[in-house]
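Load the model and keep the sequence beside it.

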Amino acid sequence: MQRRKNRRIRLRLPLLLATLAVMAGAVWSCREPLLEFWVDDTRYAAEIAAAARKHGLDPQLVRAVVFQESRFNPASRGGKGEIGLMQILPRGAVADYANYHRIPVPSETRLFAPELNLEIGCWYLGRAMRRWREYRECAMLALVQYNAGESRADRWKPEQLDGPVLERIAIPSTRTYVEKIMNRYARYRAQESHAQKD
């Protein structure tokens, strides 16, 4: 009797494990929409608007960048040392900002403060936008530079000023990064336009 019971358990165990694997895969494939659902993407609206306008950026673009970079979590820290809302790098954007403004590099603790983080991130992104302003898809090129660096943006820029950018991006994660931000940016602009009509 016990032997038959053990045999039934051994036969059912692979089926149970396969079912659990399928369920885990389904949850994993839905993780991004589930995570997005819990994000309050209206946080820091005033701070984002102020920093964006100061540096000639559309606040909705900055909002989309903040969503992609940190999901509006000011305590966010990236795997390569990126810090805060806009995931600024102390040895990258922060050092450039300090050098340009002839000030000491702010401490890492200060970089988590939303206002300073947004100030540096928007300064860095605004500088990239001005660099690529003659290109039709200047926002995409600025995002490439923000994510993958100036030299890669140079390599991937289109031959013509009105040429496409997305298909020229050779790193899939950067292409996905740019695509997600541009899609969210379009959604935020549509929401803003709709709200203004009401």
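**A loop and its partners**

Leaving aside neighbours within four places in sequence, Pro74 is in contact with Arg43, Tyr44, Gly84, Leu85, Phe112 and Pro114. This is a predicted model. Pro74 sits in the loop between helix 4 and helix 5. Is Pro74 buried or exposed? Its relative accessibility is 17%, so Pro74 counts as buried; the cut-off for buried is under 20%. Pro74 also shows how the chain folds back on itself in space: Asn117 is 43 residues away in sequence, yet the two C-alpha atoms are 8.5 Å apart.

Phe72 is buried, with a relative accessible area of 1%.

Now take Tyr44, one of the partners of Pro74. Tyr44 lies in the loop between helix 2 (31-37) and helix 3. Here too a residue other than glycine has a positive phi, near 60 degrees. At 18% relative accessibility, Tyr44 counts as buried.

An α-helix has 3.6 residues a turn, so residues three or four places apart point the same way. Just after helix 3 comes Gly56, with a positive phi of about 70 degrees.

The crossing is right-handed. On the helix 3 side, the contact uses Glu47, Ile48, Ala51, Ala52 and Lys54. On the helix 7 side, it uses Glu115, Leu118, Glu119 and Cys122. By class, this contact of helix 3 with helix 7 has 5 nonpolar, no polar and 4 charged residues.

**Helix 4 against helix 7**

Helix 4 also meets helix 7. Their axes come within 12 Å and cross at roughly 115 degrees. Helix 4 passes helix 7 in a right-handed crossing. Leu61, Val62, Val65 and Val66 of helix 4 meet Leu118, Cys122, Leu125 and Met129 of helix 7. Which classes make up this contact of helix 4 with helix 7? The residues divide into 8 nonpolar, no polar and no charged. Leu118 and Cys122 of helix 7 take part here, and both are also in the contact with helix 3.

**The core**

The largest nonpolar core has 51 residues. Which of them touch the most other members? They are Val62, Met86 and Leu143. Helix 3, helix 4 (59-70), helix 5, helix 7, helix 8 (138-148), helix 9 and helix 10 (172-197) each supply at least two residues of this core.

Not counting residues up to four places away in sequence, Met86 touches Val62, Val65, Val66, Glu69, Asn117, Leu118, Gly121, Cys122 and Tyr146. Among these, Val62, Val65, Val66, Leu118 and Cys122 also belong to the contact of helix 4 with helix 7.

Helix 5 spans residues 90-101. Its buried residues are Pro90, Gly92, Ala93, Val94, Tyr97 and Ala98. They pack against helix 6 (108-111) and helix 7. Arg102 follows helix 5, and its phi is positive, near 55 degrees.

Arg155 belongs to helix 9 (residues 150-156). Is Arg155 buried or exposed? It counts as exposed, because its relative accessibility is 54%. Arg155 and Ile169 are 14 residues apart in sequence; C-alpha to C-alpha, they are 8.8 Å apart in space.

**The whole chain**

Now step back. The secondary structure comes to 10 helices and 0 strands. The protein has 198 residues, of which 41% count as buried. Take the contacts between residues at least 6 apart in sequence: 55% of them join residues at least 24 apart. The pair Pro74 and Asn117, 43 residues apart in sequence, shows such a separation between C-alpha atoms 8.5 Å apart.

Methods
Residues numbered from 1 in each chain as written. Predicted model: local features only at pLDDT ≥ 70, side-chain atom pairs only at ≥ 80, totals over all residues. Heavy atoms only, no water. Left-handed = near helix turned anticlockwise from the far one by under 90°. Helix = DSSP H or I, 4+ residues; strand = E, 2+ residues; numbered from the N terminus. Contact = heavy atoms within 4.5 Å. Nonpolar A, V, L, I, M, F, W, Y, C, P; charged D, E, K, R; others polar. Buried < 20%, exposed > 50% of the residue type's maximum accessible area, 1.4 Å probe, protein only. Core = buried A, V, L, I, M, F, W, Y, C linked by side-chain atoms within 4.5 Å. Axes fitted to C-alpha atoms, helices over the stretch in contact; angles between N-to-C directions.
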